[in-house]
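Dear colleague,

Please find the structure below for your records. My notes on what was found in it follow.

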Amino acid sequence: MGSEVRLQPDPFLNELTNMFERTTEKGSVWVTLKHSSDKSKVQRNKMKTCGEKIEYRCLVRATDGKKTISTLVGPKDHQRFQASYATILKARMTALRKRERKDKRKAADSDKKEDSKIRSTASKTTN
């Protein structure tokens, strides 16, 4: 697998759109989100002992199996990034097919339950 490219949030969203376009006919894009401070464990422990506040960000990674891109989104940019990310996902999920459900038995069972409820209420009213 190739090296990871760290981008700013806006170029990341543009490249993510390109990844989705490249994999429209065949392939997948995996996106992971992770809570990150972008500091090593040693640095975080030093900051804690000094009483410094650690700013956590959201690390977003995307890969199509060939190329991996990532970005760090801070608390200030989070709302805007999330809105843009949601728009991209909604636009690119057109290839999804509706799941075929195999719960015909469950539907039949629920019909039987409703019939028995109707019978039991009818017998209560006739008594």
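Ring pairs join Phe12, Phe81 and Tyr85 into a cluster; rings of Phe, Tyr and Trp (its six-membered ring) pair if their centres lie within 6.5 Å, and planes under 30 degrees apart count as stacked, over 60 as edge-to-face and the rest as tilted. This is a predicted model, in which local features need pLDDT of at least 70 and side-chain atom pairs count only at pLDDT 80 or more, while totals for chains, interfaces and linings use all residues. Residues are numbered from 1 along each chain as its sequence is written, and side-chain values use heavy atoms, with hydrogens and water left out.

The aromatic pairs number two by this rule. Phenylalanine 12 and phenylalanine 81 form a tilted pair, 6.2 Å centre to centre with 35° between the planes. This pair links distant parts of the chain, as phenylalanine 12 belongs to helix H1 (residues 9–22) and phenylalanine 81 to helix H3 (residues 78–92), 69 residues apart. Helices (H or I, at least four residues) and strands (E, at least two) are DSSP runs, numbered from the N terminus.

Phenylalanine 81 also forms a stacked pair with tyrosine 85, at 6.1 Å centre to centre and 10° between the planes. Both residues of that pair lie in helix H3, four residues apart, about one turn of the helix. Phenylalanine 81 counts as buried because its relative accessibility is 3%; the classes are buried under 20% relative accessible area, exposed over 50% and partly exposed in between (1.4 Å probe, protein chains only). Tyrosine 85 is likewise buried, with a relative accessible area of 9%, and phenylalanine 12 is buried too.

As to confidence, the protein chain averages a pLDDT (the predictor's confidence in each residue, from 0 to 100) of 79, and 76% of the residues score at least 70.

Threonine 68 is found in strand E4 and is buried, with a relative accessible area of 6%. Its side chain makes a polar contact of 3.3 Å with the side chain of threonine 63. A polar contact is a pair of N or O atoms within 3.5 Å; within protein, one must be able to donate a hydrogen and the other to accept it, and residues adjacent in sequence count only if both atoms are side-chain atoms.

Yours sincerely
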